[in-house]
Amino acid sequence: MTPKQMEVFIHVVQSGSVTAAAQQLAMSQPSVSKSLALTEQQMGFSLFDRYNGKMQPTAEAAQLYEEALRVHQDRMRFDRFVEHLRRYRVGQLRVCATPALALNLLPQALARFREAFPDFGVVVDMCVNHEIEQAVEEGRYDLGFVVKPGHGAPDDPLRVSAGEMVCVLPEGHPLAQQAEVNWQDIAPHELIFITTDTRLVAMIAEVVPEFRQRQVAAVETNRYSMAINLVKHGGGVTIVDRFSLLEIDTRGLAVRPFRPSLEVSVMAAVTARSLGSRPAEEFIAAMKGLMN
């Protein structure tokens, strides 16, 4: 599938119409239809079925769309990178972080970075925690900030900050009167479970085996920010890494150390190209300054 075929395919899936896709792409309808036919011939399976006048992706096409969209977005990012180099003749740093860090700290780190590299291009995105390292390894980003179990070596230049898991609960909750919250203190029906990262779940379950034995009526979410908001609105109590609370409005909430202690850290993930580069080091330094 050529880049143009991929673009045509994506637009037809998104619009549900050859006519609409042709208009969006400034192409003729026959050209769009021909592109789809050629793609089907190359793929060896049908891409669309007509239903109520709309083009509905087949099961195979639905799976193909997800991968095609990722590749297309990566190519667009690459094209922007090349265009940036062509225009400005300076580099670009692509940075990603967990949703909490991306929303609350990356903007501040970017401001500090800009003081040292005012003409440097920067891409800042949010990614799910467990996908960050792979995204950096695959070259989609030069630098990522990921939450991992343990504290790591204090002298590791990639360690940004060390912390622990904490319990977040309404400030009027009886447990808020305690200096720390133990697992045994939490009523099972009150706990909001976070399932976003298997490594962090495994870390908790290793010291608290009952963590995997959740009730059928348990509340679950795959975002720490969502869990914190659920607590704000009376949804229960939750256990999060302390980094998720940075720059968050905690009015109405109580935050207590969780016991048994669960150590976590924010680590920088880098590519071979960005390892030791001044821009990457500057951005890491900015994050360290904000988090410590």
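Arginine 50 stands opposite methionine 55 in S2. This is a predicted model, in which local features need pLDDT of at least 70, side-chain atom pairs count only at pLDDT 80 or more, and totals for chains, interfaces and linings use all residues. Residues are numbered from 1 along each chain as its sequence is written, and side-chain values use heavy atoms, with hydrogens and water left out. The protein has 10 helices and 12 strands; helices (H or I, at least four residues) and strands (E, at least two) are DSSP runs, numbered from the N terminus.

**Overall**

- The C-alpha trace spans about 70 × 50 × 30 Å along its principal axes.
- Of the 292 residues, 43% are buried. Buried means under 20% relative accessible area, exposed over 50%, and partly exposed in between (1.4 Å probe, protein chains only).
- Among contacts with a separation of 6 or more, 73% join residues 24 or more positions apart. A contact means heavy atoms within 4.5 Å.

**The S1–S2 hairpin**

- Strand S1 (residues 48–51) pairs with strand S2 (residues 54–57) in the antiparallel sense, over 4 bridges. Two strands pair if DSSP finds at least two bridges between them.
- The hairpin has 2 residues between its strands, and asparagine 52 takes a positive phi near 55° there.

- Strand S3 (residues 92–97) is mostly covered, with 6 of its 6 residues buried.
- In a regular strand, side chains alternate between the two faces of the sheet.
- On one side of S3 lie Gln92, Arg94 and Cys96, on the other Leu93, Val95 and Ala97, and all are buried.
- S3 runs parallel to strand S4 (residues 121–126), paired over 6 bridges. Cysteine 96 stands opposite aspartate 125 in S4.
- S3 also pairs in the parallel sense with strand S5 (residues 143–149), over 3 bridges. Alanine 97 has phenylalanine 145 as its bridge partner in S5.

**Aromatic pairs**

- Rings of Phe, Tyr and Trp (its six-membered ring) pair if their centres lie within 6.5 Å; planes under 30 degrees apart count as stacked, over 60 as edge-to-face and the rest as tilted.
- By this rule the count comes to 8 aromatic pairs.
- One of them joins phenylalanine 113 and phenylalanine 120, edge-to-face, at 6.0 Å centre to centre with 80° between the planes. Both phenylalanine 113 and phenylalanine 120 are buried.
- Ring pairs link Phe113, Phe117, Phe120, Phe145 and Phe283 into a cluster.

**Arginine 159**

- Arginine 159 is found in strand S6 (residues 159–170).
- Arginine 159 is buried but has no salt bridge. A salt bridge is a side-chain nitrogen of Lys or Arg within 4 Å of a carboxyl oxygen of Asp or Glu.
- The nearest side chain of opposite charge is aspartate 156, 7.4 Å away. Lys and Arg count as positive and Asp and Glu as negative, while His and the chain ends are not counted.
- A polar atom of the arginine 159 side chain lies 3.1 Å from the backbone oxygen of histidine 151.
- Leaving aside neighbours within four places in sequence, arginine 159 is in contact with His151, Gly152, Ala153, Pro154, Val266, Met267 and Lys288.

**Glycine 234**

- Glycine 234 sits in the loop between helix H9 (224–232) and strand S10 (237–241).
- Glycine 234 counts as exposed because its relative accessibility is 60%.
- Glycine 234 and proline 170 are 64 residues apart in sequence, yet 7.1 Å apart in space, C-alpha to C-alpha.

Key
Polar contact = N/O pair within 3.5 Å; in protein donor to acceptor, adjacent residues only side chain to side chain.
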